[in-house]
Amino acid sequence: MSNNLLQGKNGVIFGALDEQSIAWKVAERCSEEGAKLVLTNAPVAMRFGTINALSEKLNAPVFQADATSNEDLENLFKSATEHFGGKIDFVLHSIGMSLNVRKKKEYTDLNYEWMKTTFDISAISFHRVMQTLWKQDAMKDWGSITALTYIAAQRVSLTTPKWPSRRRCWRALPAASATTSAPGTRCV
Ligand SMILES: NC(=O)c1ccc[n+]([C@@H]2O[C@H](COP(=O)([O-])OP(=O)(O)OC[C@H]3O[C@@H](n4cnc5c(N)ncnc54)[C@H](O)[C@@H]3O)[C@@H](O)[C@H]2O)c1
């Protein structure tokens, strides 16, 4: 059921890869509630995922952006504000990727170069996103920027051994960003 809770709101949603993605479901609900959306994902996700089907369904454009690239993020938010004809009300960062998990590497055999990439994609990109929004003054006052965390940020999980440090990495920083964001912008 829709109550038009997001009527007139502009949102950018990162991380819808396929119907199993959390971001996919969030995008559908936001659209049902009347939000105007821009979808974004890494270039490689265009080939492996089905984001274009969501784009058609929601009538929302997809702008490719690797969340580890400042240039891509700058272009993304420039394109998004042009598309909306104004600033952004909300951003969802629903990004996570671990090469060590993908390759089934145990804690005792982690590849630390891959771990750096994992941090960059899954944690630091959240701060890149906020910095880019800040520099472009692209958020509306009282807007929201939300990132998804994982229980392994709080507890050690044997199946995802390096997640705790990755998640703590970004959880430690939003407070700093929140204090310097646009007036009233909430960073969750
Ligand atoms: N699935 C769960 O049980 C669960 C639970 C709690 C939290 N989370 C968190 O929610 C978020 C989304 O998880 P999900 O389950 O929807 O997984 P998902 O794999 O569907 O979503 C992750 C997204 O990150 C994108 N991505 C990867 N590298 C990128 C890059 N360089 N630039 C831009 N995008 C990139 C992927 O293409 C994908 O769309 C993650 O942060 C995850 O840790 C998941």
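This is a predicted model: local features need pLDDT of at least 70, side-chain atom pairs count only at pLDDT 80 or more; totals for chains, interfaces and linings use all residues.
Student: Which residues come nearest to the ligand?

Tutor: The shell around the ligand divides into 12 nonpolar residues, seven polar and one charged. Of the 20 residues around the ligand, the nearest are Leu 17, Ser 21, Ala 67, Gly 96 and Leu 148.

Student: Where do the buried residues of helix 4 lie, seen down its axis?

Tutor: Helix 4 runs over residues 70-84 and reaches 21 Å from its first C-alpha to its last. Its buried residues are Leu 73, Leu 76, Phe 77, Ala 80 and Thr 81. Seen down the axis of helix 4, they fall within an arc of 120°, so they line one face of the helix.

Student: Which exposed residues does the face of helix 4 turned away from its buried side carry?

Tutor: The buried residues of helix 4 are covered by elements including strand 1, strand 2, strand 3, strand 4 and helix 6. The face turned away from that buried side carries the exposed residues Glu 71 and Glu 82.

Student: Is Lys 104 buried or exposed?

Tutor: Lys 104 is in the loop between helix 5 and helix 6. Lys 104 has 8 within 10 Å, so Lys 104 is exposed.

Student: What is the phi of Asp 137?

Tutor: Asp 137 is in the loop between helix 6 and strand 5. Although Asp 137 is not a glycine, its phi is positive, about 50°.

Note on methods: Residues are numbered from 1 along each chain as its sequence is written. Helices (H or I, at least four residues) and strands (E, at least two) are DSSP runs, numbered from the N terminus. The expected span of a helix is 1.5 Å times one less than its number of residues. A residue is buried if 20 or more other C-beta atoms lie within 10 Å of its own, exposed if 12 or fewer, and partly exposed in between; C-beta atoms are placed from the backbone. The arc is that of the directions from the helix axis to the C-beta atoms. Two residues are in contact if their C-beta atoms, placed from the backbone, lie within 7 Å. A residue is near a molecule or strand if its C-beta atom, placed from the backbone, lies within 6 Å of it. Ala, Val, Leu, Ile, Met, Phe, Trp, Tyr, Cys and Pro count as nonpolar, Asp, Glu, Lys and Arg as charged, and the others, Gly among them, as polar.
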